Amino acid sequence: MALSGSRLDVMRHVGENLDTLLGDYLKPIETNWQPSDFLPDSRQEDFPEQVRLFRESARELSYDYMAVLVGDTITEEALPTYESWLMDMEGVNQAEPTGWTSWIRGWTAEENRHGDLLNKFLYLSGRVNMRAMEVSTQYLIADGFDIGTGTDPYKNFVYTSFQELATNVSHRRTATLAKQAGCPQLSKICGVIASDEMRHAKAYKAFVSKIFEVDPSEMMLAFEEMMRKKIVMPAHFLRETGVKLSQTFSHFSDAAQRIGVYTTNDYIDIIDALLIDWHIDAVTDLNDAGQRARDYLMALPARLRRVADRTKIPTLEYPFSWIAA
C-alpha cells in the first residue's frame, strides 16, 4: 500500500501499532539488567578486595584500548542530546504518552545504562583521569550535534539504524579484546551492551522497512542522501580541554582502527547489511529519482572498498588527557 502525503502521515501510519511492538524491542524495566549487576557491591565487607581485583584486571588493557573505551563511554553518556534530537522529529508529539514518544523514552532509558556502567568501570579501574573525561562529556552534551537529518524521521531512522549497528560492532570487539587481555568483567560488560545495541538496531531497521512499504521513493532518497553525506558518528564532536574540535575524534578513530574495534571496512559492511536487510534491490514502485538513488546505493559498497584498500592506518599514538596510566 502506497501513501501519498507528508512525513507526518507516514509516521502516523507506521506508529499505529507501535505500542504493541515495544515489547519486541524493549525489555521490562524490572527484569532488565542494571549497572550494579556487573560491579563490586559496596555493601559487602569484601568490597575493597573486589575493587582491587577490578583494578588488577584492567592493568593489561592497552593504551589504545583505554582511549577507545573512554570515547565510547563519553558517547554513551551524551544520551540527553540524542533524545532531544529524536523528540524533535516530524510526527513525534511529546504531549502524547504513547507511540513514538514511548519508544524514544524507553530507548533512551535502556541506552542510559550503558554510559552509567562503563563510567563506573572506568572509575574503579584506576586507569582514567575522570575529571578530564567528565569535561569531555559535558562538552559533548553542551555542544550538541548535527547529524544532517534535520527533523526528517526517514533520515533519522537511517542514521539510528546505522549507528546502532556500528556501536554493536564496537562493543562486541571491545568485549573480545577485554577477554583476551584477562579482563572478564569488562568483557561481560561490553557484551551485554552490544546485545542491547543489536536489539535497538533491529527496531530502527524495522521502522525503515515499514516506511519502504508505504513511501518507497522518498525513503530511498533519504537513504541515498544519508550515504552521500556519510554517517557522522556522535563521537565526531568529542573534544578535550585546549584541543580543536575535530582533533580528538580523529585520534580516537585512529586508535579504534589500530586495534580493529571499528574500521573503515566495518562502515562498508554495515552499508552492505542494510542493503540486504531492506531488500533495496527488490523495492518496487520507485519513481525515476528513486531508481537513480537505488542504483547509487547498490554500487556504493564496491566503490568505497576500492578507496578503503588504499587507506593507511596511522601508527602514531596520541596522548589523550583522559588516560592516567
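Colleague: At what angle do helix H2 and helix H6 pack, and how far apart are their axes?

Modeller: Two packed helices are described by the angle between their axes and the distance between the axes. Here, H2 (residues 18-25) and H6 (residues 100-125) pack at about 15°, with axes 9 Å apart. That makes H2 roughly parallel to H6, a label for angles under 35 degrees. Axes are lines fitted to C-alpha atoms, for helices over the stretch in contact, and angles run from 0 to 180 degrees between N-to-C directions. Helices are DSSP runs (H or I, at least four residues), numbered from the N terminus. Keep in mind that this is a predicted model: local features need pLDDT of at least 70, side-chain atom pairs count only at pLDDT 80 or more, and totals for chains, interfaces and linings use all residues. Residues are numbered from 1 along each chain, and side-chain values use heavy atoms, leaving out hydrogens and water.

Colleague: Which residues make the contact between H2 and H6?

Modeller: Contact means heavy atoms within 4.5 Å. H2 brings Leu18, Asp19, Leu22 and Tyr25, while H6 brings Trp100, Ser102, Trp103 and Glu110.

Colleague: Which residues does UniProt list for "binding site" along with Glu111 and Glu164?

Modeller: UniProt annotations may be inferred rather than shown by experiment. In this unreviewed entry, one "binding site" annotation covers Glu111, Glu164, Glu197 and His200. They span 90 residues in sequence, yet no two of their C-alpha atoms are more than 10.5 Å apart, so they gather at one spot. As for their helices, Glu111 is in H6 and Glu197 is in H9 (residues 184-214).

Methods: Helices (H or I, at least four residues) and strands (E, at least two) are DSSP runs, numbered from the N terminus. Angles under 35 degrees count as roughly parallel, over 145 as roughly antiparallel, 65 to 115 as roughly perpendicular and the rest as oblique.
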